[in-house]
Amino acid sequence: MSLGAVLTDTARMMRVRFDQRARHLGLTRAQWSVIATLARNEGIKQAALADLLEIEPITLCRQIDRMEEGGWIERRADPTDRRARLPHLTPKAHAVLEQGRALATGIYAEALAGLPSDAEAKLVEMLAHMRANLSDRRAEPAEKTAAEKIAAKA
């Protein structure tokens, strides 16, 4: 199995496990991602939040609309831009933060069961390094066309 397949499949299985265990909180994994990210970036503009979540702004807007209706998020006026309304967590969302974090910690422990005690730190270090490698580099230029190769030899 390739690295990409293992990473993708493991991430999918962890998401499914979180969904199964977080159902009693009344949250989906997507909603939990918004809450967890917003908890670290309270009052961030929606476009910036969408970038952090790596989703389209319109998708996030719909998600926040639903979460606002559910009492998880409230939008407050931006003190620097009267047109903007910034998302903030409600007390209801703050109340489930620790429960969601505990669920995630349990899932990580389950996934790492049977591995050496330093495996998590090493894995995080390696994956962070891979992420940095990929984020620091622009896409490689496309291979030269046959005409460019011929011109370069001339």
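Mentor: Let us start with the elements: helices (H or I, at least four residues) and strands (E, at least two) are DSSP runs, numbered from the N terminus. On that basis the elements of the protein run α-α-α-α-β-β-α-α-α from the N terminus on, giving seven helices and two strands. This is a predicted model, in which local features need pLDDT of at least 70 and side-chain atom pairs count only at pLDDT 80 or more, while totals for chains, interfaces and linings use all residues. Residues are numbered from 1 along each chain as its sequence is written, and side-chain values use heavy atoms, with hydrogens and water left out.

Trainee: Why is His88 called buried?

Mentor: Buried means under 20% relative accessible area, exposed means over 50%, and partly exposed lies in between (1.4 Å probe, protein chains only). His88, in strand E2 (residues 81-89), has a relative accessibility of 12% and therefore counts as buried. Over the protein, buried residues make up 26% of the 154 residues.

Trainee: What makes the pairing of the His88 and Glu42 side chains a polar contact?

Mentor: A polar contact is a pair of N or O atoms within 3.5 Å; within protein, one must be able to donate a hydrogen and the other to accept it, and residues adjacent in sequence count only if both atoms are side-chain atoms. The side chains of His88 and Glu42 make such a contact at 3.4 Å. The side chain of His88 makes another polar contact with the side chain of Arg76, at 3.4 Å.

Trainee: Which residues does His88 touch, not counting those up to four places away in sequence?

Mentor: Contact means heavy atoms within 4.5 Å. By that criterion His88 touches Leu38, Glu42, Gly43, Trp72, Ile73, Glu74 and Arg76.

Trainee: What makes a group of residues a nonpolar core?

Mentor: A nonpolar core is a set of buried Ala, Val, Leu, Ile, Met, Phe, Trp, Tyr and Cys residues joined through side-chain atoms within 4.5 Å. The largest one here has 24 residues, and those with the most contacts inside it are Ile35, Trp72 and Ile73. Helix H1 (3-22), H2, helix H3 (46-53), helix H4 (57-69) and H5 each supply at least two residues of this core.

Trainee: Why are H2 and H5 called roughly perpendicular?

Mentor: Two packed helices are described by the angle between their axes and the distance between the axes. Axes are lines fitted to C-alpha atoms, for helices over the stretch in contact, and angles run from 0 to 180 degrees between N-to-C directions. Angles under 35 degrees count as roughly parallel, over 145 as roughly antiparallel, 65 to 115 as roughly perpendicular and the rest as oblique. Helix H2 (residues 29-40) and helix H5 (residues 91-112) pack at about 105°, with their axes 10 Å apart; H2 and H5 are therefore roughly perpendicular to each other. Trp32, Ile35, Ala36 and Ala39 in H2 meet Ala93, Val96, Leu97, Gly100 and Arg101 in H5.

Trainee: How do the residues of that contact of H2 with H5 divide, and what decides the classes?

Mentor: Ala, Val, Leu, Ile, Met, Phe, Trp, Tyr, Cys and Pro count as nonpolar, Asp, Glu, Lys and Arg as charged, and the others, Gly among them, as polar. The contact of H2 with H5 divides into seven nonpolar, one polar and one charged.

Trainee: What describes the packing of H2 and H4?

Mentor: H2 and H4 pack at an angle of about 90°, with their axes 11 Å apart, which makes H2 roughly perpendicular to H4. Ala30, Gln31, Val34 and Ile35 of H2 and Leu60, Gln63 and Met67 of H4 make the contact. Its residues divide into five nonpolar, two polar and no charged.

Trainee: How do you know whether Val34, Glu54 and His94 are buried, partly exposed or exposed?

Mentor: Val34, in helix H2, has a relative accessible area of 2% and is buried. Glu54, in the loop between H3 and H4, counts as exposed at 71% relative accessibility. His94, in helix H5, is partly exposed, with a relative accessible area of 41%.
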